Structure formats: structure tokens, C-alpha cells
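Hello,

Here is the structure I promised to hand over. Please have a look at it first; my notes on what was found follow below.

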Amino acid sequence: MNATQLRANLFLVLRRVLATGKPEDVEWKGRHLQIIPKESLSSMAKLARLRPHPEVIQGDPETIVHLDWSSEWQAEDVHRLS
């Protein structure tokens, strides 16, 4: 579709892209463009898409809770983080 056809049917094209989820190609001044739907997910929807990765922690996860990292921290590290 060229830009003139898009202008004549803009709202129809936008509704079709949203309804089908399929991009619409437009040619303008010899360049090709696409109108695509952008997924806007809420924070909760993004969290729901997360998948567990139980293989990441090797061993008993309870041992991580009691690790002492204080010897690894230095004063400049604390200032850099704030």
C-alpha cells in the first residue's frame, strides 16, 4: 500500500492491524515502513510471563540466605550505589 492509500483508509488499516496483530506495509518516497501493534503489558502481566529457572541455583537455596558478604564490601562501594 502506498501513502495515499493509507491516508484514504487510515482508520480502517489501524483497526485491521489491531484486530489481526499482523503488520501493514506502507511505501512512502521509495522507502518501506510497517505499522505494527505494540504490546503494552501491565507490570503484573509481565511478571506472569516469567518462567522459573530452578537449575540456576546449584545446591540448597537455604545456604544462600546465611552467606556473609560483609568482607567483600568496601566504603566506596556503598557510596557508588547511592
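**The salt bridge and its surroundings**

E24 sits in strand 1, which covers residues 24–28. Please keep in mind that this is a predicted model. Is E24 buried or exposed? E24 counts as buried, because its relative accessibility is 17% and the cut-off for buried is under 20%.

The side chain of E24 has a partner. E24 and R16 form a salt bridge through their side chains, with 3.2 Å from N to O. R16 is partly exposed, since its relative accessible area is 36%. How many salt bridges does a search of the whole structure find? The search finds one.

**The chain as a whole**

Now the overall layout. The chain has five helices and two strands. Starting at the N terminus, the order of elements is α-α-β-β-α-α-α. The chain has 82 residues, and 7% of them count as buried.

**Helix 1**

Next, look at Q5. Q5 belongs to helix 1, which spans residues 3–8. Its relative accessible area is 40%, so Q5 is partly exposed. What does the side chain of Q5 reach? The side chain of Q5 comes to 2.8 Å from the backbone nitrogen of N2. There is also a link to a later part of the chain. Q5 and V26 are 21 residues apart along the chain, and their C-alpha atoms are separated by 8.9 Å.

**The loop between the strands**

K29 is worth a stop. You will find K29 in the loop between strand 1 and strand 2. K29 is not a glycine, yet its phi is positive, at about 55°. K29 counts as exposed, because its relative accessibility is 70% and the cut-off for exposed is over 50%.

**Two surface patches**

The surface holds a patch of positive charge. Which residues gather in the positive patch? They are K38, K46, R49 and R51. Take K38 as your way in. K38 is placed in the loop between strand 2 (31–35) and helix 3 (43–49). With a relative accessible area of 78%, K38 is exposed.

There is a nonpolar patch on the surface too. V56, I57, I64, L67, W69 and W73 make up this patch. Together these residues have about 650 Å² of accessible area. Where does W69 lie? W69 lies in the loop that runs between helix 4 (62–65) and helix 5 (75–81). W69 counts as exposed, because its relative accessibility is 52% and exposed means over 50%.

**Where to look**

- Begin at E24 in strand 1, then go to R16, its salt-bridge partner.
- Turn to Q5 in helix 1 and check its contact with the backbone nitrogen of N2.
- Stop at K29, with its positive phi, in the loop between strand 1 and strand 2.
- Go on to K38, one of the residues in the positive patch.
- End at W69, one of the residues in the nonpolar patch.

Best wishes

Notes. Residues numbered from 1 in each chain as written. Predicted model: local features only at pLDDT ≥ 70, side-chain atom pairs only at ≥ 80, totals over all residues. Heavy atoms only, no water. Patch = residues over 30% accessible without salt bridge, like charges linked within 9 Å, V, L, I, M, F, W, Y side chains within 5 Å. Areas by Shrake-Rupley, 256 points an atom, 1.4 Å probe, with all protein chains shown as cover. Salt bridge = Lys/Arg side-chain N within 4 Å of Asp/Glu carboxyl O. Helix = DSSP H or I, 4+ residues; strand = E, 2+ residues; numbered from the N terminus. Buried < 20%, exposed > 50% of the residue type's maximum accessible area, 1.4 Å probe, protein only. Polar contact = N/O pair within 3.5 Å; in protein donor to acceptor, adjacent residues only side chain to side chain. Lys, Arg positive; Asp, Glu negative; His and termini not counted. Charge placed at Lys NZ, Arg CZ, Asp CG, Glu CD.
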